[in-house]
Amino acid sequence: MFSFLLPPHLLRRVGVLGVCAAMLLPMAPAQAQLNHNRLPNLGDGADVPLGVERRLGESIAREIYRDPDYLDDPVLGDYLQSIWQPLLVAARQRGELTPELEQQFAWEVALIRDRSINAFALPGGYLGVHLGLISAVSSADELASVLAHELSHVTQRHIARMISQQGKQGPMVMGAMILGMLAASRTANASSMSAANAMMVGGQAAAMQSQLNFSRDMEREADRVGYGVMTDAGYEAQGFVTMFEKLQQAARLNDNGSFPYLRSHPMTTERIADAQARQQLLPTRAAVETTPTHAMMSARAQVLAKPGVDVLRTLAGQAHATTLALATPAKQAGVLYGATMAEMVQRNFGAARQHLARLQSLAGLELSALRAVRLLAAELALTAGDAAQAVVLLTPKVVLLASQDRATRMQLARSRIATQKPAQGKLAASELSLWLSQHPRDASAWLLQASAYELQGDSLRAIRAQAEARAMELDYGAAVDRFKAAQQLAHQMASESKLDRGGHMEASIIDARLRELERLRREQALERGIN
Ligand SMILES: [Zn+2]
């Protein structure tokens with residue numbers, strides 16, 4: 001968490017004890033021991049091992065996954081991945097993403113339900129993006145410029161360098177930071193914080209922020225490397241320029257409230273000069289045009305950020321503007337998608353269907369845009385209570401299942417389960433099994449899998465799937481509890497001769513997974529200092 005802006009939900013969690021007290025008071029022996037174990041060679045500035053940085057990242061990621069503002073929206077998630085993956089490929093080809101780094105770090109991007117404009121890199125290759133950023137950028141290229149910048153902080157090991165530098169100042173500071181985060185994860189369940197307390201924490205967090213910001217040189221390096229990564233990945237350099245202008249504009253207006261990104265990324269004169277030098281090398285051309293897909297994803301992010309009823313009404317109202325028909329296809333798609341979403345979340349299904357019908361009749365949409373429209377149609381059917389219709393809309397006719405994207409698979413599984421028909425539950429379970437065999441870390445898919453098994457009355461597999469979901473969210477304590485419950489059920493079923501051959505196999509998987517998770521939980525407890 002060095003150097004990037006702490007997301008607001010984590011700020012709330014960095015308790016008084018965690019930040020303030022830990023920085024001022026001498027460390028308790030057990031805590032000193034903990035830090036000694038976790039961060040060897042801190043004092044001499046030697047490289048921080050990848051594994052140490054990764055574990056540090058995991059301890060933060062675990063909190064993010066638990067936060068109600070963490071959002072696994074498969075539609076926006078697929079869109080983010082469609083930008084993120086080419087950046088990873090480019091970084092790999094350029095040699096910045098080494099095989100070791102790639103293998104040891106997580107390279108996961110989390111969506112945070114927050115209207116402010118922010119993106120951040122955590123230790124260990126965990127990144128976060130606020131919905132506000134997706135709704136504020138005008139193109140995938142602008143979003144790519146921010147993601148490439150954050151990616152470069154990780155690949156250039158800025159976080160590790162920061163840890164080393166803080167180590168030179170004394171392991172106390174570094175220990176306090178880790179303890180602050182560990183304390184944050186310990187107080188995760190004590191969410192009822194008084195307003196005064198929250199303000200105090202906010203002040204301390206701001207002080208911590210200034211200590212944790214990257215150096216100016218690191219920011220310039222992330223700009224330079226990120227620029228190379230995004231352009232190598234095929235994004236328009238113009239996107240970097242226009243994003244930079246957006247941030248500069250906000251900085252001039254001193255709009256720090258809605259642009260927390262500016263607090264972690266000050267517009268220094270050096271950065272501006274660098275950006276202008278890069279811009280001068282570019283041929284003069286207009287800003288990158290928004291695609292229908294981006295316009296729709298931007299509108300989706302705006303609605304999912306829960307903007308309040310006034311904004312929802314405005315979004316819906318834009319669809320009635322007489323000039324809309326004259327706008328570009330992208331603009332029309334964005335407005336109609338936003339209007340459909342806005343009416344849908346207000347449960348005005350009739351109005352939502354009208355906007356959707358206009359969206360469906362738009363000509364000239366690219367393939368990814370057509371997919372987004374189809375997913376929206378299914379989402380509306382499901383939200384309005386017609387799960388069977390959603391299944392029909394999503395069931396592939398000729399397309400092989402294997403070629404389906406995650407959003408379609410998740411939405412189809414959700415719709416099948418919502419029909420409450422055991423046969424549909426069976427189909428969902430087998431489709432999800434296929435997906436999970438290739439993507440075993442997908443916590444949301446495991447949760448859907450649990451519901452699909454429940455629908456078939458298969459409690460044993462349902463409980464195991466719940467356990468796997470907790471494990472993938474890095475909550476090993478909760479995972480062990482669920483695996484134990486599954487084990488108990490398996491024993492009971494065996495004693496009543498209710499376990500068939502498949503059931504016996506499942507029981508042995510549960511035994512093995514329980515042992516593994518117990519080991520992981522012990523490690524986690526050691527790192528938290530709970531012995
Ligand atoms: Zn930066």
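A cavity is a set of grid points where a 1.4 Å probe fits but cannot get out. By this rule the structure, which is a predicted model, has four cavities of 30 Å³ or more. The legends below start with the whole chain and then move to close-up views.

**Figure 1. The protein chain contains 27 helices and four strands.** The chain has 531 residues, and 55% of them are buried. Among contacts with a separation of 6 or more, 73% join residues 24 or more positions apart.

**Figure 2. The largest nonpolar core has 94 residues.** Leu87 and Leu359 touch the most other members of this core. Leaving aside neighbours within four places in sequence, Leu359 is in contact with Met296, Ala333, Leu336, Tyr337, Leu365, Val373 and Leu376. Another core, of 28 residues, lies apart from the largest one. Leu122, Leu460, Met493 and Ala507 are among the residues of this other core.

**Figure 3. The largest cavity holds about 80 Å³ of space.** Its lining consists of Ser145, Val146, His149, Asp223, Phe240, Met243, Phe244, Leu247, Tyr261 and Arg271. Two or more lining residues come from each of helix 8 (140–155) and helix 13 (237–252). Helix 13 gives the largest share, four residues. By type, the lining of the largest cavity divides into six nonpolar, two polar and two charged residues.

**Figure 4. Phe240 and Phe244 form a stacked pair of rings.** The ring centres are 5.9 Å apart and the planes are at 20 degrees; planes under 30 degrees apart count as stacked, so this pair qualifies. Phe240 and Phe244 are four residues apart in helix 13, and therefore about one helical turn separates them. Both residues are buried. Both also belong to the lining of the largest cavity. Ring pairs link Phe240 and Phe244 with Tyr227 into a cluster.

**Figure 5. Tyr65 and Tyr70 form an edge-to-face aromatic pair.** Four aromatic pairs are found in the whole structure. In the pair of Tyr65 and Tyr70, the rings are 5.3 Å apart centre to centre, with 65 degrees between the planes. Tyr65 has 15% relative accessibility and therefore counts as buried, the cut-off for which is under 20%. Tyr70, at 25% relative accessibility, counts as partly exposed.

**Figure 6. Gly226 is a buried residue in a helix.** Gly226 belongs to helix 12 (residues 216–232). Its relative accessible area is 2%, so it counts as buried. Leaving aside neighbours within four places in sequence, Gly226 is in contact with Ala148, His149, Ser152 and Glu221. One of these, His149, also lines the largest cavity. Gly226 and Glu150 are 76 residues apart along the chain, and their C-alpha atoms are separated by 7.7 Å.

Figure 7. Asp475 is found in the loop between helix 25 (459–472) and helix 26 (476–495). Although it sits in a loop, Asp475 has 18% relative accessibility and so counts as buried.

**Figure 8. The largest pocket holds about 1000 Å³ of space.** The pocket is lined by 37 residues. Gln81, Glu108, Arg406, Arg441 and Asp442 lie nearest its centre. The elements that give two or more residues to the lining are helix 4 (50–66), strand 1 (70–71), helix 5 (74–93), strand 2 (108–112), helix 23 and helix 24 (443–455). The largest share, eight residues, comes from helix 5. The lining of the largest pocket divides into 18 nonpolar, six polar and 13 charged residues.

**Figure 9. Lys426 is an exposed residue of helix 23.** Helix 23 spans residues 422–438. The relative accessible area of Lys426 is 57%, so this residue counts as exposed, for which the cut-off is over 50%. Lys426 and Glu454 are 28 residues apart along the chain, and 9.9 Å separates their C-alpha atoms.

Terms used:
Residues are numbered from 1 along each chain as its sequence is written. This is a predicted model: local features need pLDDT of at least 70, side-chain atom pairs count only at pLDDT 80 or more; totals for chains, interfaces and linings use all residues. Side-chain values use heavy atoms; hydrogens and water are left out. A nonpolar core is a set of buried Ala, Val, Leu, Ile, Met, Phe, Trp, Tyr and Cys residues joined through side-chain atoms within 4.5 Å. Buried means under 20% relative accessible area, exposed over 50%, partly exposed in between (1.4 Å probe, protein chains only). Contact means heavy atoms within 4.5 Å. On a 1 Å grid over the protein atoms alone, a cavity is a set of points where a 1.4 Å probe fits but cannot get out, and a pocket is an open set with protein on both sides within 12 Å along at least five of seven lines; lining residues have an atom within 4 Å of a point. Grid points are joined across faces, edges and corners, and a volume is the space filled by probe spheres set on the points. Ala, Val, Leu, Ile, Met, Phe, Trp, Tyr, Cys and Pro count as nonpolar, Asp, Glu, Lys and Arg as charged, and the others, Gly among them, as polar. Rings of Phe, Tyr and Trp (its six-membered ring) pair if their centres lie within 6.5 Å; planes under 30 degrees apart count as stacked, over 60 as edge-to-face and the rest as tilted.
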